[in-house]
Amino acid sequence: MEPAAGGRFEAGARTFRSLRGVPGRARGNENAGGMMPVVPISDLAAYDGQEVTVRGWLYNIRSSGKIIFPILRDGSGLLQCIVFKNNVTPEVFEKAKALTQESSLELQGMVRKVPEGKTAPGGYELDVKDLAVFQLVPADQPFPITPKDHGVEFLMDQRHLWIRSSRQHAILKIRHEIVRAVRQFFDDRGFVLVDTPIFTPAVCEGTTTLFEVGYFDEKAYLTQSGQLYNEATAAAFGKVYCFGPTFRAEKSKTRRHLTEFWMVEPEVAFATLDDVMVLAEEFITSIVQNVVKNRRAELLALERDVQKLERIAPPFPRLAYDEAVTNLQSHGSEIRWGSDFGGGDETILSQQFDRPVMVHRYPAQVKAFYMEPDPARPELALCVDVLAPEGYGEIIGGGQRASSLELLNERIRQHGLPSEAFDWYLDLRKYGTFPHAGFGMGIERAVAWICGLEHVRETIPFPRMLYRLKP
RNA sequence: UCCUCAGUAGCUCAAUGGCAGAGCAUCCGGCUGUUAACCGGAGGGUUGUAGGUUCGAGUCCUACCUGAGGAGCCA
């Protein structure tokens with residue numbers, strides 16, 4: 001353990017000995033100095049009445065003359081510690097008094113339940129016996145994020161520090177639970193994770209702007225979807241998914257946009273549009289219910305209405321594009337048949353239901369070139385968008401893929417795409433073409449909806465947006 | 001790219017065209033159960049930048065910079 005550059009390192013003989021025992025596992029570690037286990041704050045309930053060591057950062061501190069309440073944060077939770085002047089040496093009391101916000105430290109003391117009539121995070125507190133500081137944050141350059149209000153610009157500039165705060169911590173733990181549930185859902189159903197490339201030679205969908213990068217002597221583009229490659233891997237593995245970062249160079253400046261975001265995309269051989277609509281509703285239900293079950297404390301910390309999430313279950317309402325247009329017009333929208341929905345339209349639709357609504361069979365002209373036409377009405381595409389409730393809008397887009405070589409060639413021509421870039425993709429229609437379908441879900445939009453956030457910028461550790469590349 | 005709004009202490013914000021202020025943070029002092037602790041005191045400013053109007057500009061005008069919200073487009 002090295003002290004940070006320029007930081008003060010306080011180490012008495014006893015302290016040094018205890019600091020040598022760096023924990024490798026969360027529970028049951030003993031530091032070299034004795035039998036005292038190093039315990040993460042989340043596990044403290046199991047150590048009631050025992051002496052333990054805890055390590056972390058100072059979240060806040062309050063004092064009252066001869067009693068000091070340092071609040072410790074270790075990533076697993078918050079712990080109120082108590083330093084009574086008469087229970088510790090004068091040196092320990094002075095060190096506790098001098099602590100500054102986000103200083104790193106190690107505390108030793110006895111775990112006990114919070115007394116009747118008092119409250120503290122976690123319900124347990126630590127009666128401190130000894131204290132060692134790794135680094136004292138200098139008082140003349142204090143931690144910039146205080147417990148009071150801050151503006152968005154300031155907090156985004158301090159994003160590397162902001163993620164230590166309890167609200168951001170809750171959001172990112174829910175993000176992790178969502179990612180875990182996504183993988184579990186597909187893994188449990190026999191899907192194979194087959195990753196798709198991030199450097200790509202050409203446009204995927206042609207409609208949106210791509211980030212261009214130098215690739216030795218040629219140009220490459222950052223992927224905007226793994227879908228075309230998913231179609232190749234589906235022909236090899238049957239049921240596949242890819243999960244990784246996606247890049248869109250759109251100059252979009254709204255609460256729903258990032259230039260770099262994470263997308264999970266399943267693709268299923270021999271599946272139809274109806275099959276993936278069922279898959280999508282089961283998928284979303286599984287994610288939401290996993291979060292409700294495993295991250296209830298974090299949802300409550302965010303003041304999310306958990307009841308609204310508990311209601312998420314199949315079947316989701318299904319709305320044909322035709323019906324959606326009529327519906328929107330009756331709610332005052334000026335949308336006309338043949339055009340795509342605006343953000344306001346999605347909000348109008350999604351606010352009418354208490355669970356995600358699936359809008360299917362859009363006009364082919366507003367969708368990507370690879371969509372399979374509806375055999376009953378060829379002007380429609382066999383596609384679906386899933387709109388999250390409470391006005392959150394589109395979180396999933398997908399559908400059935402065109403399987404005819406002739407049709408794809410025609411579409412590529414119509415869209416003005418360079419056919420030589422798609423020769424490998426067209427091979428999939430030459431060598432055992434097959435009906436297949438899939439969808440993509442934007443992780444950040446799902447996190448924003450499940451957490452009940454105003455903006456997707458809080459759903460990813462380091463957001464990349466139109467006007468933000470740092471930190 | 002377009003539209004709207006904003007920029008004053010480290011942070012969040014006040015200040016009729018007339019002495020640039022408060023809360024938090026920091027420093028000093030007080031308090032043995034605090035809960036964004038509280039009480040008393042201190043330090044802290046090129047009012048985003050450059051021009052202009054005026055006896056006088058944080059305030060009005062012009063341009064630019066930075067950010068926020070939205071549109072288009074999208075997950």
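Me: What makes two strands a pair here?
Reply: Two strands pair if DSSP finds at least two bridges between them. Strands are DSSP runs of E, at least two residues long, numbered from the N terminus. This is a predicted model: local features need pLDDT of at least 70, side-chain atom pairs count only at pLDDT 80 or more, and totals for chains, interfaces and linings use all residues. Residues are numbered from 1 along each chain as its sequence is written, while chains are lettered from A and ligands numbered from 1 in the order in which they are written.

Me: How do you know that β3 and β6 pair?
Reply: Seven bridges link β3 (residues 51–63) to β6 (residues 104–113). The cut-off is at least two, so the two strands pair. The sense is antiparallel. Val 52 faces Gly 109 of β6.

Me: What does β3 form with β4?
Reply: A hairpin, with three residues between the strands. Gly 65 in the turn has a positive phi of about 80°. Six antiparallel bridges join β3 to β4 (residues 67–73). Ile 61 has Pro 70 as its bridge partner in β4.

Me: Why are β9 and β10 called edge strands?
Reply: The open sheet has the order β9-β11-β10, with antiparallel pairing. β9 (199–200) and β10 (212–215) each pair on one side only. Two bridges join β9 to β11 (residues 218–222), with Tyr 221 of β11 as partner of Thr 200.

Key
Helices (H or I, at least four residues) and strands (E, at least two) are DSSP runs, numbered from the N terminus.
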